[in-house]
Amino acid sequence: MRKKVLAGIAYIVCFTLFSQNIDDLEFTHTKDSLTSALLSEFDYLNSKTFKIKQKLDSIKIDKQIELISQLEGKWEFVKVVCQDCIISKAEEQTKKYIEITKKHIIFYKDAISEKHIVSKETLKFSDFIDSFSGLTTLVYKDKRAWNYTIDTTKTYVSASYIGNEKEGRIVTSVSGNYSYFYKRIE
């Protein structure tokens with residue numbers, strides 16, 4: 001019995017060591033130190049300083065262009081993570097893809113083709129600026145706000161739901177935040 005338990009533990013350890021683990025990936029931050037400092041000062045001063053807003057607006061455009069250029073391509077769904085949710089096996093096993101262009105995010109189910117399109121979102125960045133959402137928050141047509149980040153190898157992307165855009169600001173969600181992970185296929 002003891003040998004079986006040890007063999008089982010050894011198998012789990014080996015499987016864990018050699019399997020791809022999303023948690024081990026490093027995702028680039030969309031906020032560098034200058035941006036973070038400006039956002040903090042902007043929040044602290046309650047958005048009243050025009051000079052800081054001007055600096056953030058000029059940085060924002062560069063950050064958005066940089067993000068889109070990194071995200072362009074086709075991505076295959078790998079995993080969904082939600083600390084407060086129960087994810088069904090069917091959801092995790094469904095073949096899903098996204099294609100990101102300069103103007104759209106196209107969602108597919110089962111295969112990347114016209115007949116498998118689930119939805120299509122126009123790339124629209126939030127006009128609202130704060131230290132939580134940053135400068136590159138995307139807002140879908142249903143007003144859900146998402147942060148997209150790419151890992152340092154540019155192989156994986158994380159799409160994280162952060163809340164909803166309401167009345168010119170983002171109302172952040174404190175539970176039920178989920179992140180979809182995709183792997184670049186093209």
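Modeller: Here is a short tour, from the whole chain down to single side chains.

Modeller: This is a predicted model, where local features need pLDDT of at least 70, side-chain atom pairs count only at pLDDT 80 or more, and totals for chains, interfaces and linings use all residues. Residues are numbered from 1 along each chain as its sequence is written, and side-chain values use heavy atoms, with hydrogens and water left out.

Biologist: How many helices and strands does the protein chain have?

Modeller: The protein chain has four helices and nine strands. Both are DSSP runs numbered from the N terminus: helices are H or I with at least four residues, strands are E with at least two. From the N terminus, the order is α-α-α-β-α-β-β-β-β-β-β-β-β.

Biologist: What share of the residues counts as buried?

Modeller: Of the 186 residues, 37% count as buried. Buried means under 20% relative accessible area, exposed over 50%, and partly exposed in between (1.4 Å probe, protein chains only).

Biologist: And the contacts, what share comes from residues 24 or more positions apart?

Modeller: They account for 52% of the contacts with a separation of 6 or more. Contact means heavy atoms within 4.5 Å.

Biologist: Now the core. Which residues touch the most other members of the largest nonpolar core?

Modeller: Ile98, Ile105, Trp146 and Tyr148 do, out of 24 residues in that core. A nonpolar core is a set of buried Ala, Val, Leu, Ile, Met, Phe, Trp, Tyr and Cys residues joined through side-chain atoms within 4.5 Å.

Biologist: Which elements supply it?

Modeller: At least two residues each come from α3 (50-71), β1 (73-82), β2 (96-100), β3 (104-109), β6 (144-150), β7 (156-166) and β9 (178-184). β1 gives the most, with four residues.

Biologist: What does Trp146 touch?

Modeller: Leaving out residues up to four places away in sequence, its contacts include Thr136, Thr137, Leu138, Tyr161, Ile162, Tyr178 and Tyr180.

Biologist: Switching to pairing. Which strands does β1 pair with?

Modeller: β1 pairs with β2 in the antiparallel sense over four bridges. β1 also pairs with β9, again antiparallel, over seven bridges. Two strands pair if DSSP finds at least two bridges between them. Glutamate 76 has tyrosine 97 in β2 as its bridge partner. Cysteine 82 has tyrosine 178 in β9.

Biologist: How many residues lie between β7 and β8 in their hairpin?

Modeller: Two residues lie between them, and glutamate 167 in the turn has a positive phi of about 50°. Four bridges join β7 to β8 (residues 169-172), and the strands run antiparallel. Lysine 166 stands opposite arginine 169 in β8.

Biologist: Threonine 137: buried or exposed?

Modeller: Threonine 137 is buried, because its relative accessible area is 2%. This threonine lies in strand β5 (residues 137-139).

Biologist: What polar contact does its side chain make?

Modeller: The side chain of threonine 137 meets the side chain of asparagine 147 at 2.8 Å. A polar contact is a pair of N or O atoms within 3.5 Å; within protein, one must be able to donate a hydrogen and the other to accept it, and residues adjacent in sequence count only if both atoms are side-chain atoms.

Biologist: Last one. Where is lysine 102?

Modeller: Lysine 102 is in the loop between β2 and β3. Lysine 102 is exposed, with a relative accessible area of 58%. Its side chain makes a polar contact of 3.4 Å with the side chain of glutamate 72.
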